[in-house]
Structures are given as C-alpha cells and as structure tokens.
Amino acid sequence: MKFLSVISLLIAGALASNCDPQYPCCNGCDVKYTDNSGKWGVENNNWCKIDNNKCNSSKASSCKFEALGYPCCSHCESIYEDNSGKWGVENNNWCGIPDTCDNKTPDNNTTPIASNDDPDNFFNNKIYCNQDRKDRVQSSINRLSGELKAKAQKIQDAPTAIWLSWDKAPETVSFHLDEAGNQTAVFILYWIPTRDCNSIASQGGAQSMDEYHTYVNRIVNGFKSHPNSKIVVVVEPDTLGNMITSQSNDNCKKVHNLHKQAIAYAIDTFGQIDNVRTYIDAAHGRWLGSHADEAAAIIKEIIDMAPNSNVRGLSTNVSNYQPTEDEYAYHQKLSAELEKLGVHNMKFIVDTARNGVDVAESLVKTGTWCNVKGTGFGERPRGSPDPVNKPLLDAYMWLKPGGDSDGSSTGDHADPVCEHEDSLPGAGDPGDWFHEYFVQLLTNANPPIEV
C-alpha cells in the first residue's frame with residue numbers, strides 16, 4: 001500500500017502513465033522501494049513508477065557483479081552485504097543488488113511504503129501483556145517516586161513473552177489466551193530435556209522425551225481450544241547454540257540428537273494449527289555469528305525432520321544484550337546461509353528487552369550473561385519496526401521480561417557466572433523479580449522512556 005499526501009491522491013489520475021495506471025513514470029532510475037507491483041522512486045516529493053524499459057536497459061547501468069561471476073538481481077531486496085556490495089537471492093542463486101537500488105527511507109516529505117499489513121506477521125497486531133508482569137512492575141512502582149516511578153508506570157503494560165518453563169505451565173495457556181482476547185499472545189517453550197545444558201542457573205526441563213511430548217501436547221490442547229486467537233511460539237532458547245558450541249560438555253554432547261528430535265516434534269505439532277506462528281530460537285550473533293553455516297545446516301535438518309512444520313522464522317538475542325544492528329547483520333548472514341540450503345523467506349524476532357546499551361566490551365572481557373551491569377531497556381515491542389531497511393525483521397519484542405533475574409550467586413541454583421564483577425549482586429533465582437535490575441533498565445533505557 002502506498003501512502004501519499006491528499007493533493008497527490010487527488011491528482012493521481014491525471015498523472016497516469018504507461019508505467020502505472022495511477023502514477024507517473026520516474027525520469028530517473030533511482031529505486032527507493034520495491035513491492036509486488038514493481039519498483040518505485042520519489043520525484044518532486046511524490047511517488048513515481050520506475051520505467052523498466054529505460055532502467056533495465058544496458059544503458060541504465062552496468063552490473064559490477066558480473067566481473068565476480070554473478071548476475072545483478074532484478075529486485076532490490078538485500079539479505080547480505082560484504083565489501084563487494086549488497087547481495088540478494090534469485091532462483092536459489094546469489095545475485096548482486098544493482099547500484100540503482102536504494103532501500104533508504106524516502107524523503108522526509110513522503111511517507112514510506114511500509115509492508116506492515118502482512119497478515120501472517122502476528123506482531124502487527126496488538127501484543128498481550130500478562131497480569132503477572134503488570135503486578136511485578138507494580139511492586140517496583142510502589143517503591144519508587146518521581147521520574148523513575150513515572151517511567152515504570154509508562155512501560156507497565158509493555159508486552160512480554162510468557163515462559164512455559166515449568167511442569168504445570170501448559171495448564172496456564174488457556175487462561176492467558178482468554179485474557180489476551182484478540183491480542184497476540186507470545187509464548188516461549190523452555191522445557192526441553194537437559195535444558196540449557198552448559199550452565200547451572202537455568203538447568204532443568206523434562207526428564208524424558210516422552211515427558212516432553214506430553215508437555216507439548218498439553219500446550220497444543222490449550223491452543224486448539226482457542227482457534228480464533230493469534231498465537232506466537234518461540235521454541236527452546238539457547239538449544240541451537242549449545243548444539244554448536246558446547247559439544248565439549250558431556251551434558252550437551254549426549255543430548256545433541258535428542259534436542260533436534262524434541263524441537264522437530266514441537267514445530268511439527270504446532271505446524272498443524274493454523275493460528276500459531278512458530279519461531280525457532282537461533283541464539284545471537286555474538287554466539288553463532290561465526291557459525292552461521294553450521295546453524296543453518298542444523299535448522300534445515302530439524303525442519304526436514306518435521307514434515308508438518310510451518311516455521312515462520314527465528315528468534316535471536318533472547319535474554320541477551322546484543323545491539324539490534326549487530327543482530328540484524330546476523331539475521332542477514334543466517335538468512336543467506338538458509339537460502340543456500342533451500343530454506344526460504346525466514347523472518348526474525350529480536351529480543352530488545354535489555355539491549356538499549358551496548359555492553360559488548362564487558363561481555364567480551366568476562367563472558368558474563370547473568371544480570372549484566374549497565375544495561376537498559378531497548379526498543380519497545382512492535383511488529384514490522386522497519387520494513388524498508390530491515391525487511392527480514394518481524395518484530396522487536398521483550399521476550400525476556402526485563403526485571404526478572406537471570407540467576408543468583410547463592411542458593412541451590414547458584415551459578416559462578418553470577419558472581420562476576422560485572423553482574424549486579426543481590427539477585428534471586430532465575431525468574432525471580434529483581435527490583436534493582438528493573439530500576440537499572442528504566443534508568444538506562446534507550447530510546448529513553450518519555451514521561
């Protein structure tokens with residue numbers, strides 16, 4: 001859908017051309033956007049249709065990629081960029097994005113053509129915030145005053161995912177779907193056998209594959225009882241990362257194939273429900289960016305094991321702190337590897353709950369993931385946040401509820417990582433409310449929370 005000023009709409013008929021029934025031909029070949037009807041430019045602050053007869057000719061521009069042995073794409077959708085330029089995929093082969101393409105936001109005096117009406121992207125709907133989350137935030141509001149209190153009140157209803165991370169969790173699904181009504185409810189499966197096999201704080205999960213199947217089936221019963229709901233499921237954070245980088249750990253090595261089978265069962269089962277959109281977790285770019293080819297191969301293998309699956313895409317940065325721009329570069333890289341393997345059109349969700357501040361330097365030095373100091377809330381949850389510049393991205397989403405503890409340095413589930421000097425002290429067990437951490441996220445939020 002193209003949005004123009006009122007005057008432009010009134011005169012559209014008069015501007016009809018041999019390029020388009022309602023829009024004039026562009027004088028130049030500078031592509032601002034591409035949709036199903038063709039390529040578009042902006043001239044005199046109004047949309048115009050790119051003249052294919054003129055701009056696709058050999059006189060329009062040469063294809064620098066031909067010298068590298070690749071053709072130029074006939075479209076402008078870039079999924080990867082390196083020193084040679086931007087790259088796309090056509091007919092399952094690499095092609096170079098022509099220099100005439102420019103996917104930057106159109107001039108400020110026009111409204112971008114935004115593909116945010118995709119009915120399959122359930123994040124374009126209003127997203128559900130559960131009452132437990134609101135109550136936790138309220139417990140901090142009661143302890144705050146002034147500007148911090150106002151900021152907490154401002155984001156009290158910001159949606160977060162519902163973690164199905166304990167044995168009775170499936171029985172809560174119907175309740176949440178009732179509460180959500182026509183809003184999109186986002187669930188995270190986190191009960192795979194030998195869960196998070198390379199850490200201590202969040203270890204656990206089902207005791208066997210049969211128990212995991214039962215867990216999934218109980219969730220499915222809740223989904224099927226709400227055929228008109230919009231449901232998003234993120235499948236087993238951290239599991240793919242551990243399959244690739246933690247195989248020196250015996251706990252991870254011995255469940256490598258079992259974890260593939262468990263994820264395949266889940267996505268195969270959810271694929272049979274029309275109102276569910278499934279995303280497999282793909283760790284984050286700092287973890288798997290250098291292993292994108294391996295990650296793609298395992299994702300392809302799992303999908304092939306699930307003939308009924310209908311995977312919408314992948315989630316990244318769950319419970320982590322990586323900057324959104326870095327994550328999108330990882331999305332492009334992983335998407336390119338998947339395209340090579342015949343896995344097409346994967347979309348992505350990025351967890352922005354705690355990535356408002358770039359703490360990469362600290363993470364590189366210490367390897368800390370537990371309640372990292374200095375972090376802040378990132379972009380607020382919303383669907384199709386930048387369809388022009390980030391077409392692979394379905395949503396910014398607070399998958400990790402900001403303020404919930406990652407783990408503790410004391411107690412039965414004590415993890416030594418939570419003792420690091422750059423881990424905020426005083427946290428409870430994983431999932432416990434951590435008031436001081438919530439205040440840190442409020443204080444350092446980027447974009448700032450306006451009150």
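1. Among contacts in the chain between residues at least 6 apart in sequence, those joining residues at least 24 apart make up 72%. The model under discussion is a predicted one, and its chain holds 14 helices and 14 strands. Of the 451 residues in the chain, 54% are buried.

2. On the sheet: 8 strands form an open sheet of mixed pairing, and their order across the sheet is 7-8-9-10-11-12-14-13. The edges are taken by strand 7 (162-164) and strand 13 (382-383), each of which has a single partner strand, so that one side of each is left without a neighbour in the sheet. Helix 6 packs on this sheet, where it touches strand 7, strand 8 (184-189), strand 9 (230-235) and strand 10, and the direction of helix 6 makes about 175° with that of strand 8. Helix 9 also packs on the sheet, with contacts to strand 8, strand 9, strand 10 and strand 11, and the direction of helix 9 makes about 165° with that of strand 10.

3. On the contact between helix 6 and helix 9: the axes of helix 6 (residues 209-224) and helix 9 (residues 256-270) come within 10 Å of each other and cross at roughly 20°. Angles under 35 degrees count as roughly parallel, and helix 6 and helix 9 are therefore roughly parallel to each other. The crossing in which helix 6 passes helix 9 is right-handed. From helix 6, the residues Met209, Tyr212, His213, Val216, Asn217, Ile219, Val220 and Phe223 meet Leu258, Gln261, Ala262, Tyr265, Ala266, Thr269 and Phe270 in helix 9. By class, the residues of this contact of helix 6 with helix 9 divide into 11 nonpolar and 4 polar, with no charged residue.

4. On the contact between helix 11 and helix 12: helix 11 (residues 292-304) packs against helix 12 (residues 324-340) at an angle of about 50°, and their axes are 9 Å apart. Helix 11 and helix 12 are therefore oblique to each other, and their crossing is right-handed. Ala292, Asp293, Ala295, Ala296 and Ile299 of helix 11 make the contact together with Lys333, Leu334, Glu337 and Leu338 of helix 12. The residues of this contact of helix 11 with helix 12 divide into 6 nonpolar and 3 charged, with no polar residue.

5. On helix 14: of the 9 residues of helix 14 (residues 435-443), 7 are buried, so this helix is largely enclosed by the rest of the structure. The buried residues of helix 14 are His435, Tyr437, Phe438, Val439, Gln440, Leu441 and Leu442, and what covers them includes helix 3 (131-141) and helix 4 (146-154).

6. On the packing of helix 4 against helix 14: the angle between helix 4 and helix 14 is about 90°, with their axes 10 Å apart, and the two helices are therefore roughly perpendicular to each other. The contact is made by Leu148, Lys151 and Ala152 of helix 4 and by Phe438, Val439, Leu442 and Thr443 of helix 14. Sorted by class, the contact of helix 4 with helix 14 has 5 nonpolar, 1 polar and 1 charged residues.

7. On Ala283: this residue lies in the loop between strand 10 and helix 10 (285-288). Because buried means under 20% relative accessible area, Ala283 is buried, with a relative accessible area of 3%. Not counting residues up to four places away in sequence, Ala283 touches Gly241, Leu288, Ser315, Thr316, Asn317 and Glu327. The C-alpha atoms of Ala283 and Asn320 are separated by 8.9 Å, although these residues are 37 residues apart along the chain.

Key: Residues numbered from 1 in each chain as written. Predicted model: local features only at pLDDT ≥ 70, side-chain atom pairs only at ≥ 80, totals over all residues. Heavy atoms only, no water. Axes fitted to C-alpha atoms, helices over the stretch in contact; angles between N-to-C directions. Helix = DSSP H or I, 4+ residues; strand = E, 2+ residues; numbered from the N terminus. Parallel < 35°, antiparallel > 145°, perpendicular 65-115°, else oblique. Left-handed = near helix turned anticlockwise from the far one by under 90°. Contact = heavy atoms within 4.5 Å. Nonpolar A, V, L, I, M, F, W, Y, C, P; charged D, E, K, R; others polar. Buried < 20%, exposed > 50% of the residue type's maximum accessible area, 1.4 Å probe, protein only. Pairing = 2+ DSSP bridges.
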